[in-house]
Amino acid sequence: MKLKKIAYILVILLAFSCQSKYQKLLKSNDYEKQFEAAVALFEQKQYFKSQTLFEQLMPVYRLAEKGELVTYYLAKSYYAEKDYLMAAYYFERLAMSHPYSEYFEEALFLIAMSYAHNSPAYSLDQTYTKKSISAFYTYINKFPNGKFIKESNENLRIMRGKLEQKAYSISKQYHSLSHYRAAVISLKNTLREFPDIAQREEILYLIVDASYNLALHSVEGKKEDRIEMAKSDYQAYVEEFPSGKWIKDVQRIYSQLQKMKVN
């Protein structure tokens with residue numbers, strides 16, 4: 001028991017000693033020593049302590065060659081701690097300040113990944129998803145054969161998938177609420193922006209149905225144009241999916257359109 005107590009006390013004393021050395025280092029003007037310690041702490045995965053030192057060193061080395069490394073390590077430490085917005089900020093700063101850096105490619109990729117990590121479920125606000133997509137395109141355009149190209153394309157596909165689902169769910173909701181004019185516009189915009197969307201056939205069918213209902217409940221002055229638009233939407237579905245899942249439904253709708261008259 002005594003040995004255990006002694007060992008415990010030694011651990012506590014060692015911790016206080018290390019803490020004391022770290023506090024002295026924070027107050028030191030020996031910037032080289034601070035930099036070396038910050039790198040060592042980073043490599044030991046003590047990211048919070050390394051961040052504090054690197055942040056102190058930012059203004060010191062801002063215009064010096066070592067400023068590039070300080071910014072890189074600081075960005076990486078925030079990324080390792082999953083503080084992705086701070087990571088994105090410092091990676092962007094690195095990319096802007098040091099476009100010829102050996103870390104430039106990695107910085108561009110991790111900017112995109114940082115925003116991707118902050119991208120929420122498709123039903124929520126997609127600001128960071130859009131930021132991520134823009135950043136991935138920036139990386140791909142700069143480094144079409146880069147070492148992160150596979151991961152970039154895969155994550156880009158995932159991010160675009162969220163926007164697809166967001167657009168699809170909003171459009172479908174307009175239709176289910178019988179807001180047919182808004183549904184037609186939203187559904188067509190969804191197809192225009194995401195032509196390869198998985199729900200393409202369903203969206204084409206919903207457009208036909210919404211166009212028909214819009215014509216059906218239209219004022220006389222707009223009815224003729226809307227009947228013709230619904231017929232055109234019917235043709236778009238039939239041409240693409242002549243044996244589609246909703247072919248009987250759209251044929252029934254077309255039959256009704258043929259019977260509709262304008263006074």
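This is a predicted model: local features need pLDDT of at least 70, side-chain atom pairs count only at pLDDT 80 or more; totals for chains, interfaces and linings use all residues.
The protein carries 37 positive and 30 negative charges. Their mean positions lie 7 Å apart. The accessible surface amounts to about 15800 Å². Carbon and sulfur atoms contribute 54% of that surface.

The secondary structure is helical. The protein contains 12 helices and 0 strands. Along the sequence, the pattern reads α-α-α-α-α-α-α-α-α-α-α-α. The radius of gyration is 30 Å, well over the 18 Å given by the globule rule for 263 residues, so the protein is more spread out than a compact globule. The C-alpha atoms occupy a box of roughly 95 × 55 × 35 Å along the principal axes.

Of the 263 residues, 44% count as buried. Among contacts with a separation of 6 or more, 54% join residues 24 or more positions apart. In soluble globular proteins, nonpolar side chains tend to be buried together. Here, the largest nonpolar core comprises 79 residues. Within this core, the residues with the most contacts are Leu53, Phe54, Phe91, Phe136 and Tyr237. The surroundings of Phe91 can be listed. With neighbours within four places in sequence set aside, Phe91 touches Ala75, Lys76, Tyr79, Ala107, Leu110, Ile111 and Ser114.

Two lysines have positive phi values. Lys45 is not a glycine, yet its phi is positive, at about 65°. Lys45 sits in the loop between helix 2 (31-43) and helix 3 (47-57). With a relative accessibility of 60%, Lys45 counts as exposed because the cut-off for that class is over 50%. Lys82 also has a positive phi, near 70°, and is likewise a residue other than glycine. The position of Lys82 is in the loop between helix 4 (67-80) and helix 5 (84-97). Lys82 has a relative accessible area of 62%, so it too is classed as exposed.

Leu163 belongs to helix 8, which spans residues 149-176. The relative accessible area of Leu163 is 14%; this is under the 20% limit, so the residue is buried. Beyond its neighbours within four places in sequence, Leu163 contacts Gln126, Thr129, Lys130, Ile133 and Phe194. Leu163 and His179 are 16 residues apart in sequence. Their C-alpha atoms are 21 Å apart in space.

Glu43 provides another reference point for Leu163. Glu43 is part of helix 2. At a relative accessible area of 58%, Glu43 is exposed, whereas Leu163 is buried. Along the chain, Glu43 and Leu163 are 120 residues apart. The separation of their C-alpha atoms is 38 Å.

Along the chain, 23 residues separate Ser134 from Arg157. The C-alpha atoms of Ser134 and Arg157 are 12 Å apart.

Methods: Residues are numbered from 1 along each chain as its sequence is written. Side-chain values use heavy atoms; hydrogens and water are left out. Helices (H or I, at least four residues) and strands (E, at least two) are DSSP runs, numbered from the N terminus. The radius of gyration is taken over C-alpha atoms; the globule rule is 2.2 Å times the number of residues to the power 0.38. Buried means under 20% relative accessible area, exposed over 50%, partly exposed in between (1.4 Å probe, protein chains only). Contact means heavy atoms within 4.5 Å. Accessible areas come from the Shrake-Rupley method with a 1.4 Å probe; for residues, only the protein chains shown count as cover. Lys and Arg count as positive and Asp and Glu as negative; His and the chain ends are not counted. The place of a charge is taken as NZ of Lys, CZ of Arg, CG of Asp or CD of Glu. A nonpolar core is a set of buried Ala, Val, Leu, Ile, Met, Phe, Trp, Tyr and Cys residues joined through side-chain atoms within 4.5 Å.
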